There are 4 protein chains.
Amino acid sequence: MYFASDNSGPVPQEVLDALAEANSGYAMGYGDDPLTAEVQTRIREIFEAPQAAVYLVATGTAANVLGLATVTQPWQTIFCTPVAHIHQDECNAPEFYTGGAKLTLVGDGDRMTPETLRAAIEAEGNRGVHGPQRGCVSLTSVTECGTVYGLDELHALAAVAKGYGLPVHQDGARFANALVALDCSPAEMTWKAGVDVLSFGGTKNGLMGAEAVVLFDPDRAQEFEYRRKRGGHLFSKHRYLSAQMAAYLTDDLWLRLARLANERAAQLAQGLRDCGVDFAFEPAANMVFAQLTRATHKRLQDAGAIYHLWEGTQEGNDPDEFLTGRLVCDWSLPEQDVTRFLTVLKG
Amino acid sequence: MYFASDNSGPVPQEVLDALAEANSGYAMGYGDDPLTAEVQTRIREIFEAPQAAVYLVATGTAANVLGLATVTQPWQTIFCTPVAHIHQDECNAPEFYTGGAKLTLVGDGDRMTPETLRAAIEAEGNRGVHGPQRGCVSLTSVTECGTVYGLDELHALAAVAKGYGLPVHQDGARFANALVALDCSPAEMTWKAGVDVLSFGGTKNGLMGAEAVVLFDPDRAQEFEYRRKRGGHLFSKHRYLSAQMAAYLTDDLWLRLARLANERAAQLAQGLRDCGVDFAFEPAANMVFAQLTRATHKRLQDAGAIYHLWEGTQEGNDPDEFLTGRLVCDWSLPEQDVTRFLTVLKG
Amino acid sequence: MYFASDNSGPVPQEVLDALAEANSGYAMGYGDDPLTAEVQTRIREIFEAPQAAVYLVATGTAANVLGLATVTQPWQTIFCTPVAHIHQDECNAPEFYTGGAKLTLVGDGDRMTPETLRAAIEAEGNRGVHGPQRGCVSLTSVTECGTVYGLDELHALAAVAKGYGLPVHQDGARFANALVALDCSPAEMTWKAGVDVLSFGGTKNGLMGAEAVVLFDPDRAQEFEYRRKRGGHLFSKHRYLSAQMAAYLTDDLWLRLARLANERAAQLAQGLRDCGVDFAFEPAANMVFAQLTRATHKRLQDAGAIYHLWEGTQEGNDPDEFLTGRLVCDWSLPEQDVTRFLTVLKG
Amino acid sequence: MYFASDNSGPVPQEVLDALAEANSGYAMGYGDDPLTAEVQTRIREIFEAPQAAVYLVATGTAANVLGLATVTQPWQTIFCTPVAHIHQDECNAPEFYTGGAKLTLVGDGDRMTPETLRAAIEAEGNRGVHGPQRGCVSLTSVTECGTVYGLDELHALAAVAKGYGLPVHQDGARFANALVALDCSPAEMTWKAGVDVLSFGGTKNGLMGAEAVVLFDPDRAQEFEYRRKRGGHLFSKHRYLSAQMAAYLTDDLWLRLARLANERAAQLAQGLRDCGVDFAFEPAANMVFAQLTRATHKRLQDAGAIYHLWEGTQEGNDPDEFLTGRLVCDWSLPEQDVTRFLTVLKG
């Protein structure tokens with residue numbers, strides 16, 4: 001019963017097969033191989049963005065910070081939520097890669113709204129040369145709290161950003177999970193809504209370690225290449241990144257994996273709801289934030305459920321105190337694990 | 001007849017098998033899995049360095065610059081040769097990761113000597129607070145020119161560095177090739193000679209993308225971990241890096257691969273020598289720098305030989321001008337390709 | 001009636017005289033002159049800190065960020081208030097000089113409390129290698145809102161920091177104004193309370209441009225010197241910085257100037273209080289944040305009073321809306337300007 | 001007999017007078033004062049460059065690195081000579097301010113030639129994304145060796161740079177000394193020759209600490225302002241920088257000071273020449289590099305001459321070994337000191 005993360009499961013057989021298939025003879029290094037070109041073309045097609053520049057890297061942090069650095073100046077501040085991965089979980093990588101830009105926290109929850117975003121932008125950038133200058137807006141969907149921005153929300157937020165002339169970055173570490181939740185097209189969820197730079201995640205959705213950065217405006221593509229190289233993120237044997245991504249995009253594997261993960265989470269959420277459990281955030285993709293008592297958490301974990309608490313610790317004394325458990329479902333989660341979790345819960 | 005690089009060949013079946021074997025169930029992310037611990041232990045054993053801190057990353061540039069940054073202050077200068085990968089081929093990644101350190105070029109050839117190193121160190125660091133301060137010495141072996149530092153040379157160079165209190169970094173992108181060439185122990189080639197930080201390469205010797213950084217003095221290990229994370233080089237699904245490295249170290253695969261590569265190069269060199277060809281650098285590992293006329297290069301390349309010129313271009317008019325061809329052999333190079341190359345050469 | 005800033009007034013004649021006096025013959029550059037040594041000794045005496053390392057720079061931002069960078073690692077976060085100069089008014093200079101550290105905002109007012117500081121520290125640094133690591137605590141006194149930390153408050157805050165092993169930085173751009181407000185010794189307000197690094201301001205209190213950085217623990221003094229040089233902040237004709245600071249410290253000029261400024265502010269505050277005006281922050285040094293109606297602001301400004309609004313703008317329509325005016329008194333402010341301001345206010 | 005540096009002498013009375021004159025009443029901070037505007041206009045006139053953006057800073061290093069950073073990307077390399085101040089004497093400030101750019105050393109002497117510059121550029125930037133990319137060309141005149149680029153040389157070098165699309169930076173720490181040596185107009189020595197960014201020095205030629213950066217193409221002026229602020233180089237009481245520069249430019253004071261310094265050096269050089277002394281570099285401005293025996297150096301220094309050896313040390317045993325003495329004349333050097341120096345020399 002592993003609900004701790006979606007970066008801990010295995011990869012589907014298709015990915016292993018693709019690696020084996022790619023493992024034949026010589027291939028030019030550093031992305032100058034045919035498989036990489038094929039993947040780039042495929043991503044452009046999927047996003048209906050024939051002009052887009054597409055690059056592969058191996059980690060989500062690399063994708064985020066290389067993309068951000070490409071559209072951010074060192075004297076600017078990036079607008080994101082307090083729970084954004086780029087703020088909480090990248091050990092100052094955005095600050096490092098941008099050469100010292102700041103992050104301004106928008107609102108106090110899982111998502112920004114046009115109002116909180118506008119207020120945050122208004123509060124910055126009005127001190128002349130003294131203060132940080134307004135920089136890009138970075139949205140994450142699926143958010144770190146398992147919620148998903150609706151298309152109208154994305155449009156509205158991007159419109160606020162564009163009103164100030166600010167570029168929009170999307171952290172799509174769980175892009176596929178958000179996409180199948182919204183049931184829209186990749187283009188609708190990105191450039192049609194106003195997104196300029198996308199981290200298109202693969203690792204949390206079944207790859208060993210492969211992410212694409214999509215620059216819908218290719219103007220700064222050359223600069224991205226230099227940044228990737230000097231960050232140490234340009235793979236010499238690039239075909240093994242490309243093979244993963246090629247398998248991911250073949251026969252909609254990426255969508256099938258995301259649907260599996262989302263379905264497990266939906267089952268879990270429904271079961272919890274049936275038991276009268278409340279959620280800290282309304283489940284929308286592959287994560288469920290369930291409010292359970294300390295005693296219940298203990299019972300579940302004693303029975304073998306593995307997951308983290310989002311807030312609070314197991315160390316308290318009060319068995320009846322409610323603590324939020326963060327339950328993440330990956331594509332490989334067996335359905336019976338969800339069933340068993342719910343059975344244990346019901347006692 | 002592919003002699004262009006050792007980053008373009010396939011990986012051995014053992015590596016694919018190891019990935020498949022590791023691909024089962026859940027494993028804690030970010031290196032907190034048993035396979036990673038096993039690999040770290042194994043590397044400590046191989047290097048007879050029980051205290052060493054060992055970390056995995058996916059690219060040689062990442063290994064180099066994270067290691068360098070850990071032992072270099074931004075106001076220092078790193079001593080390396082003019083052909084060092086960190087100088088020529090990392091798009092200023094050392095400068096980026098160190099926060100602005102400089103590189104001082106030592107000598108004008110493939111290797112530094114105690115004399116050229118001492119002279120370079122003496123010429124720096126005598127301008128008080130105004131000039132760059134003396135920083136670490138970075139050696140590469142196998143060098144970019146296919147030569148290998150002898151153990152006595154390593155000792156002598158490290159002694160010079162230590163005489164000034166400077167740490168020693170070794171770029172071991174082709175560590176295994178150097179090791180089998182020297183026929184010594186990993187410890188002898190590193191900490192016993194005075195090396196403090198090692199980039200222990202795997203990618204050029206048969207892995208998809210996996211390198212280890214070995215800090216023989218673990219004092220700054222914690223700092224390394226932060227640097228790796230904020231560089232975007234900490235893999236969430238870390239087991240797939242570890243699986244590669246585990247396969248590499250099992251049953252001496254790494255040494256067998258290096259011996260294959262070196263043997264091909266030795267055959268090639270012998271054949272060239274037999275034809276009276278001169279070398280720009282004395283071949284010692286898996287690279288041969290052969291001086292051939294422009295006409296000969298053309299004939300070889302027309303026949304399907306793929307390789308780069310080290311100096312000069314094919315665009316000149318003089319067919320009799322000698323140009324240095326850089327011929328790199330990887331573990332997978334078929335013996336018959338060497339034979340064929342020599343056959344074409346002989347006309 | 002100039003109340004816009006304490007960086008806009010003239011310097012006292014003593015400073016001009018000191019520059020003229022220092023302007024004789026040759027003096028070794030870069031701080032190797034006798035006057036600089038004298039100033040360093042004098043500051044150590046004033047702070048009863050014979051071991052302290054003392055350096056001069058020309059701007060408050062330079063003093064702050066060089067001091068911060070000396071005690072902060074790039075993967076750490078600095079704790080400060082939302083109104084801190086280092087956060088709001090240095091265009092990301094702390095992020096630049098630290099190599100990408102983050103700033104974590106403590107509380108929502110002019111000052112941090114032990115509780116808000118502890119809460120902020122607890123909320124950071126518990127995500128292992130993923131999140132920013134806990135870094136130094138940066139206090140400002142006089143705060144940007146004209147309030148002053150009491151000695152007991154300083155002790156309590158530093159105790160919280162020390163409890164987590166974190167160094168304490170003090171932005172003392174208005175150090176003298178705080179000191180005379182507290183009527184304590186410089187040592188009591190700094191190292192005796194737990195401050196490790198101090199920006200000892202001179203510019204806002206009557207100098208042309210001279211600040212001292214005091215490292216009470218001189219362990220990282222050498223590093224500071226490299227940082228100052230590579231920041232471009234080491235003056236060749238250093239004697240002219242030292243001459244300013246020497247004049248400042250002679251015959252308690254610095255305290256006399258601060259008392260003048262504080263007295264003007266006290267007169268102003270008393271006059272406002274007598275008129276029933278409320279304050280956004282309780283005036284304690286040389287700044288008064290007065291809540292006046294838009295109509296009153298207009299009347300004052302039409303009469304020649306120059307100052308900024310702290311919040312809100314003059315552009316609104318409602319003449320009766322209260323807006324906070326930020327009234328800063330410098331040492332040179334004529335008493336009659338205060339009187340006139342109050343006269344205009346009373347109508 | 002002080003010949004050690006031109007950063008050690010006093011400032012002329014005009015500068016003190018200007019400071020006193022500026023020291024009246026309130027003036028808007030951060031350069032928003034009338035005197036600053038006046039100085040900016042004056043510099044544009046002097047350079048016949050009405051569009052140029054002009055900024056003041058307090059140190060030569062700040063001027064150089066802020067200017068360089070404005071026209072250099074972090075993945076580029078700056079072309080300069082091995083003796084360039086930016087390479088030898090700024091403790092990696094260019095690397096810091098550019099975010100990690102590299103410096104490529106051109107030639108091996110005091111000056112670059114079109115041939116050595118072209119060769120250096122050709123040798124860089126041909127490794128695709130792997131190597132450093134070609135960045136700006138930074139020329140210094142007066143060079144660190146006291147020589148001066150002729151106008152034709154400047155034109156030829158800038159033409160090489162422009163042929164590769166590279167911007168040209170000029171370190172003019174001793175701009176006035178070069179200008180009076182060439183007897184040309186400021187425009188001829190800068191933008192008419194192809195210079196894009198100039199560090200217009202004042203400190204070495206009689207100011208306390210004031211330099212101008214002139215961006216002949218103002219396109220990146222806004223960026224410069226952010227860089228200056230976040231570098232901590234924006235002075236709040238900016239009028240005191242402007243007052244220095246205003247005095248400098250009034251009644252050709254800057255040219256008069258430079259002529260004084262150059263004349264002293266010419267007298268010194270002539271006297272040395274009359275004694276049969278050789279020069280390491282042909283004296284052209286205010287510095288003389290005289291080759292004298294160790295015994296002679298000792299005699300001169302025993303008699304009170306203060307200067308540095310350019311190469312070698314006094315510690316050797318051979319009294320007849322020739323060592324190069326670096327003799328720098330500033331505007332305030334008394335003529336009798338030159339006479340006395342020569343008298344001592346003649347024994």
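The following legends describe close-up views of a predicted model.

**Figure 1. Two-fold relation of chains C and D.**

**Figure 2. The interface of chain C and chain D.** The contact involves 48 residues of chain C and 48 residues of chain D. Between them, the two chains bury about 4100 Å², with 59% of this area on carbon and sulfur atoms. On the side of chain C, the residues that lose the most area to chain D are C:Tyr26, C:Phe96 and C:Lys237, which together account for 21% of what that side buries. The number of salt bridges between chain C and chain D is zero. A charge does sit over a ring here: the charged end of D:Arg230 lies over the ring of C:Phe96, 4.1 Å from its centre.

**Figure 3. The ring pair of A:Phe96 and B:Phe96.** Over all chains, a search of the whole structure finds 66 aromatic pairs. In the pair formed by A:Phe96 and B:Phe96, the ring centres are 4.3 Å apart and the planes stand at 5°; the angle is under 30 degrees, so the pair is stacked. This pair crosses between chains, joining helix α5 (residues 93–98) of chain A, which holds A:Phe96, to helix α5 (residues 93–98) of chain B, which holds B:Phe96. Both A:Phe96 and B:Phe96 are buried.

Figure 4. A pair of aromatic rings is described by the distance of the centres and the angle of the planes. The rings of C:Phe47 and C:Phe175 form a tilted pair, at 5.6 Å centre to centre and with 45° between the planes. C:Phe47 belongs to the loop between α2 (34–46) and β1 (53–57) of chain C, whereas C:Phe175 is in helix α8 (residues 175–182) of chain C, so the pair ties together parts that are 128 residues apart in sequence. The relative accessible area of C:Phe47 is 1%, and this residue is buried. C:Phe175 is likewise buried, with a relative accessible area of 0%. In chain A, ring pairs link A:Phe47, A:Phe175, A:Phe200, A:Phe216, A:Tyr248 and A:Trp254 into a cluster.

Figure 5. Chain A is superposed on chain C by a rotation of 180° with 0.0 Å of shift along its axis, at an RMSD of 0.0 Å. The residue of chain A that comes closest to the rotation axis is A:Gly100, whose C-alpha is at 2.4 Å. The same surface serves both copies, as 100% of the contact residues of chain A recur in chain C. In this interface, 22 residues of chain A are in contact with 22 residues of chain C. The buried area is about 1700 Å², and carbon and sulfur atoms give 40% of it. A:Cys91, A:Asn92 and A:Lys102 supply 32% of the area that chain A buries against chain C, more than any other three residues. Four salt bridges are found across the interface of chain A and chain C. One salt bridge joins C:Arg127 to A:Asp89, with 3.0 Å between the closest N and O atoms.

**Figure 6. Helix α11 of chain D.** In helix α11 (residues 239–249) of chain D, 11 of the 11 residues are buried, so the helix is largely enclosed by the rest of the structure. Among them are D:Arg239, D:Tyr240, D:Gln244, D:Met245 and D:Tyr248. The helix is followed by D:Asp251, which has a positive phi near 50°.

**Figure 7. The surroundings of A:Ala269.** A:Ala269 is located in helix α12 (residues 253–274) of chain A. Its relative accessible area is 3%, and A:Ala269 is buried. Leaving aside residues up to four places away in sequence, A:Ala269 touches A:Phe279, A:Pro283 and A:Val288. A:Thr324 is 55 residues from A:Ala269 along the chain, and the C-alpha atoms of these two residues are separated by 14 Å.

Definitions and conventions
Residues are numbered from 1 along each chain as its sequence is written. Chains are lettered from A and ligands numbered from 1 in the order in which they are written. This is a predicted model: local features need pLDDT of at least 70, side-chain atom pairs count only at pLDDT 80 or more; totals for chains, interfaces and linings use all residues. Side-chain values use heavy atoms; hydrogens and water are left out. Rings of Phe, Tyr and Trp (its six-membered ring) pair if their centres lie within 6.5 Å; planes under 30 degrees apart count as stacked, over 60 as edge-to-face and the rest as tilted. Helices (H or I, at least four residues) and strands (E, at least two) are DSSP runs, numbered from the N terminus. Buried means under 20% relative accessible area, exposed over 50%, partly exposed in between (1.4 Å probe, protein chains only). A charge sits over a ring if NZ of Lys or CZ of Arg is within 6 Å of the ring centre and within 35 degrees of the ring normal. Contact means heavy atoms within 4.5 Å. Buried area is the accessible area (1.4 Å probe) that two parts lose on being put together, summed over both. A salt bridge is a side-chain nitrogen of Lys or Arg within 4 Å of a carboxyl oxygen of Asp or Glu. Copies are superposed by least squares on the C-alpha atoms of residues with pLDDT of at least 70 in both.
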